[in-house]
Amino acid sequence: MRAAVLTEPHEFRLEDRPRPDPAVDEVLVAIGDVGICGSDVHYYEHGRIGDYVVEEPLVLGHEAAGEVVAVGDDVTSLEAGDRVALEPGVPCRRCAHCKRGEYNLCPDVTFMATPPHDGAFAEFVAWPADFTYRLPDHVSTTEGALCEPLSVGIHACRRGEVETGDTVLVAGAGPIGLLVLAAARAAGATDVLVTDVVDEKLAFADERGADRTVNVAEADLEPVVTECTDGEGVDVVIEASGAEPSIRSTLDVVRRGGVVVLVGLASEATVPFDVLDVVDNELDVRGSFRYENTYPAAIDLLADGAVDVGGLVDFEMGLDDVDDAFQRAQEPAVVKGMITFE
Ligand SMILES: NC(=O)C1=CN([C@@H]2O[C@H](COP(=O)(O)OP(=O)(O)OC[C@H]3O[C@@H](n4cnc5c(N)ncnc54)[C@H](O)[C@@H]3O)[C@@H](O)[C@H]2O)C=CC1
Ligand SMILES: CC(=O)[C@H](N)C(=O)O
């Protein structure tokens, strides 16, 4: 089978590799679509993300969906021909975090396309059946692949305890911010404000149902939030840009007693935070890391039409064009690129 392997920064090699055999509890999936995530682009550009360093050739891609072509002897939940989405992180199932159900925090997780674990820019992937989810007939494998970033959005909203009637501010209108917007709407948020520094991204957020968009490179956010919330501040801020000024501004726009959820990964490890603000206003500041138990909800939201990911994908390219695809994925106005397999 063919696989696109990152051998060093800016260098993909198309390799012929043996097709994997599924273990007894795994399914073999012929990959149909794989999204290009910002983290894939970061590994391509820099060969590392923090402590995760590409030391051996690595297959990237973790937003994947396709069709089951074989099942291991013990698998009863899926069969050949099923179209499926693959949850890319498989935890150890034994540690205290796994036992508590917070398996996204498992320190021994095998996460696709995170060194040293290969990802899904490959024709076939063998994957545990219980982290592989059947897609209804009317949900495409492109949508199945987008269950991954949608899961990040669902988990962030769960962390923020977004409820019916809430006013939510989503900072950053990249794929994660846009899917936080979608998940917040599905959770019942009635007013969603979205910020970015790129007008095209904000126009897109507007089309996708944002009540108000603010280009924070051109306008002050605080007066807009004051106007929209009668001076109270928003119930929940979900920071999905990772930009330091945006992270800092979260405390200025959340209401007293509100929740700030940090999803974006800041390039600087430390960002000054006004502790008095947090204490005095009794703010909940929470991290949100990947997701747990979100795939069934993501698939249901797509199947019911409660979340529409149509239009999120700017381009689709084959494995042969993986270099070009990664160049295009870095254009500022591009939201999502997809590698597709015939
Ligand atoms: N916590 C988690 O589990 C995960 C975190 N991430 C992180 O979430 C963030 C968002 O991911 P993507 O949407 O893929 O990234 P992206 O880079 O495509 O989107 C970020 C957006 O933020 C905008 N932005 C830049 N400066 C801003 C500012 N000052 N205020 C508001 N917006 C600003 C950019 O123009 C861009 O549209 C990244 O930091 C990524 O590393 C991504 C996936 C999972
Ligand atoms: C942080 C990322 O962007 C990536 N999706 C991951 O979960 O590692």
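A backbone N or O atom of Ile176 lies 3.0 Å from an oxygen atom of ligand 1 in this predicted model. Such a polar contact is a pair of N or O atoms within 3.5 Å; within protein, one must be able to donate a hydrogen and the other to accept it, and residues adjacent in sequence count only if both atoms are side-chain atoms. Pro175 also contributes a polar backbone atom, 3.3 Å from an oxygen atom of ligand 1. From Lys201, a polar side-chain atom lies 3.1 Å from an oxygen atom of ligand 1. Of the 860 Å² of accessible area that ligand 1 has on its own, the protein covers 77%. Accessible areas come from the Shrake-Rupley method with a 1.4 Å probe; for residues, only the protein chains shown count as cover.

The model is predicted: local features need pLDDT of at least 70, side-chain atom pairs count only at pLDDT 80 or more, and totals for chains, interfaces and linings use all residues. Side-chain values use heavy atoms, with hydrogens and water left out; residues are numbered from 1 along each chain as its sequence is written, while chains are lettered from A and ligands numbered from 1 in the order in which they are written.

The shell around ligand 1 holds 22 residues, each with a heavy atom within 4 Å of the molecule. The closest are Asp196, Val263, Leu265, Ser288 and Arg290. By class, the shell has twelve nonpolar, seven polar and three charged residues. Here Ala, Val, Leu, Ile, Met, Phe, Trp, Tyr, Cys and Pro count as nonpolar, Asp, Glu, Lys and Arg as charged, and the others, Gly among them, as polar. Helix 5 (175-186) and strand 14 (191-196) each supply at least two residues of this shell. Helices (H or I, at least four residues) and strands (E, at least two) are DSSP runs, numbered from the N terminus.

Ligand 2 is surrounded by Cys37, Ser39, His62, Phe111, Leu265 and Arg290. Three of these residues are nonpolar, two polar and one charged. Arg290 places a polar side-chain atom 2.7 Å from an oxygen atom of ligand 2. His62 has a polar side-chain atom 3.2 Å from a nitrogen atom of this ligand. The protein covers 72% of the 250 Å² of accessible area that ligand 2 has on its own.

An unreviewed UniProt entry lists residues 7-335 as "domain: Enoyl reductase (ER)". UniProt positions are given in the numbering used here, feature names are shortened, and annotations may be inferred rather than shown by experiment. Over residues 7-335 the chain is 29% helix and 27% strand. The end C-alpha atoms are 26 Å apart.

Three strands form an open antiparallel sheet in the order 2-1-6. Strand 2 (11-16) and strand 6 (58-59) stand at the edges with a single partner strand each, so one side of each is left without a neighbour in the sheet. Strands pair if DSSP finds at least two bridges between them. Strand 1 (residues 2-8) is joined to strand 6 by two bridges. Leu6 stands opposite Leu58 in strand 6.

The structure holds seven aromatic pairs. Rings of Phe, Tyr and Trp (its six-membered ring) pair if their centres lie within 6.5 Å; planes under 30 degrees apart count as stacked, over 60 as edge-to-face and the rest as tilted. Phe121 and Phe326 form an edge-to-face pair, 6.0 Å centre to centre with 85° between the planes. Phe121 lies in the loop between strand 10 (110-111) and strand 11 (124-128) and Phe326 in helix 11 (residues 322-329), so the pair ties together parts that are 205 residues apart in sequence.
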